Amino acid sequence: MGGLHLRLEKRMDKSRLRSMVTYFKPKTIVSEQYRSIRTNIQFSSGKQSNRSIVVTSSIPGDGKSTTVANLSISFAQQGKRVLIVDADLRKPTLHHIFRISQVNGLTNYLAGFYPSIDEIVYDTGVDNLSIVTCGPIPGNPAELLGSQHMKDFMDEALQKFDMVLVDTSPVLAVTDAQIVSNLCDGVVLVIRSGKTDKKQVKKAKELLEQTNATVLGAVLNQKKASKKQNFYYVN
C-alpha cells in the first residue's frame with residue numbers, strides 16, 4: 001500500500017508540474033510558448049483590450065484546464081491582477097491544480113448566498129493570481145450560468161481585476177461555454193493534436209459564433225514536434 005501511495009503522489013506531482021509549468025519552470029520552451037499565446041491574445045483585436053477570456057474545447061480531454069491555468073499564470077507574471085474562474089460546473093478541475101478546496105465557490109455566489117465575489121475569491125499562492133473555484137456541483141449549471149447573478153459576477157470581477165480567465169465545459173457537450181462566452185471579450189479553443197477531429201473543431205467554432213462570441217484563436221495541444229515546435233497558436 002505504501003509503494004502504491006508513493007507512486008500515486010509522484011503521478012500527481014508530475015500532473016501538477018505540467019499544469020503549472022509556467023510557474024515551476026518559467027524558462028522552458030513550453031512556458032515561452034504560453035507567453036507567445038498571451039501576446040497574441042493581447043494584440044489579437046487591435047486597440048480593443050481582451051480582459052475577459054473563455055478557454056474551452058470542443059470535446060473533453062483536450063487540455064483546456066491546463067491551458068487556462070498556465071495562461072493565467074503567464075498574465076499574472078506580467079504584473080496584472082488576474083482572476084481564474086472555474087465555470088466548468090460539471091467536471092471542475094482547477095481546484096485540483098491549485099490545491100484549493102472547492103467547498104465555497106462560484107455556484108455559492110450564483111445561488112445567491114453572497115452579495116459580493118469577495119467571499120469566494122482565494123489566493124493561489126502565485127503572485128497576482130487569485131481563483132474562484134467551482135463550488136458544489138449543481139443540478140442546473142446552464143440555468144446558473146445564464147442568470148443575472150453570472151452577469152453581476154463578471155461585472156464585479158472586471159472591476160476588481162485586470163484580467164479574468166474562465167474555464168468552461170466543452171462546447172459540443174453542453175451549452176455552458178456558449179452562455180459564458182457571450183459575457184466575455186473573447187474565446188480561445190484548445191485542440192488536442194491527433195485526437196480532436198477537424199469537424200468537431202469547426203462545429204464548436206460555429207456554435208460559439210452563433211451566440212456572437214468572438215473566437216480569438218486556437219491552441220494546438222500535445223503536438224509532437226521538434227524541440228522548437230511543441231506548441232502553436234493560430235488565428
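A polar contact, as the term is used in these legends, is a pair of N or O atoms within 3.5 Å, where within protein one atom must be able to donate a hydrogen and the other to accept it, and where residues adjacent in sequence count only if both atoms are side-chain atoms. The model is predicted, so local features need pLDDT of at least 70 and side-chain atom pairs count only at pLDDT 80 or more, while totals for chains, interfaces and linings use all residues. Residues are numbered from 1 along each chain as its sequence is written, and side-chain values use heavy atoms, with hydrogens and water left out.

View 1. Helices (H or I, at least four residues) and strands (E, at least two) are DSSP runs, numbered from the N terminus. Of the 235 residues in the protein, 48% are buried, where buried means under 20% relative accessible area, exposed means over 50%, and partly exposed lies in between (1.4 Å probe, protein chains only). The protein exposes about 11,700 Å², and carbon and sulfur atoms supply 52% of that area, as computed by the Shrake-Rupley method with a 1.4 Å probe. A contact means heavy atoms within 4.5 Å; among contacts between residues at least 6 apart in sequence, 76% join residues at least 24 apart.

**View 2. Helix 10 (residues 198-210), with its buried and exposed residues.** Helix 10 has 13 residues and reaches 18 Å from its first C-alpha to its last, close to the 18 Å expected at 1.5 Å a residue, the expected span being 1.5 Å times one less than the number of residues. Its buried residues are Val 201, Ala 204, Leu 207 and Leu 208. They lie on the same side of helix 10 because they cover an arc of only 125 degrees around the axis, an arc taken from the directions from the helix axis to the C-beta atoms. On the other side of helix 10, Lys 198, Lys 199, Lys 202 and Gln 210 are exposed, whereas the cover over the buried residues includes helix 9 (176-181), strand 6 (186-192) and strand 7 (215-221).

**View 3. The two ends of helix 10, with Asp 197 at the start and Asn 212 just after the helix.** A side-chain oxygen of Asp 197 reaches to within 2.8 Å of the backbone nitrogen of Lys 199. Asn 212, found in the loop between helix 10 and strand 7, has a phi near 65 degrees, a positive value in a residue other than glycine. Asn 212 is exposed, with a relative accessible area of 66%.

**View 4. The largest nonpolar core, with 34 residues.** A nonpolar core is a set of buried Ala, Val, Leu, Ile, Met, Phe, Trp, Tyr and Cys residues joined through side-chain atoms within 4.5 Å. Leu 106, Phe 153 and Val 166 touch the most other members of this core, and the elements that give it two or more residues include helix 6 (106-110), helix 8 (148-160), strand 5 (163-168) and helix 10. Apart from it lies another core, of 28 residues, among them Val 21, Leu 71, Leu 94 and Val 188.

**View 5. Thr 56 in strand 1 (residues 52-57).** Thr 56 is buried, with a relative accessible area of 0%. Its side chain reaches the backbone oxygen of Ser 169 at 3.0 Å. Leaving aside residues up to four places away in sequence, the residues that Thr 56 touches include Lys 64, Pro 170, Ala 177 and Val 188.

**View 6. Ser 31 in helix 3.** Helix 3 (residues 29-43) has 15 residues and reaches 21 Å from its first C-alpha to its last, close to the 21 Å expected at 1.5 Å a residue. Ser 31 is buried, with a relative accessible area of 0%; its side chain reaches the backbone oxygen of Val 21 at 3.2 Å, and a polar contact of 3.1 Å joins the side chains of Ser 31 and Thr 28. Not counting residues up to four places away in sequence, Ser 31 touches Val 21, Thr 22, Lys 25 and Pro 26.

**View 7. Helix 4 (residues 64-76), a mostly covered helix.**
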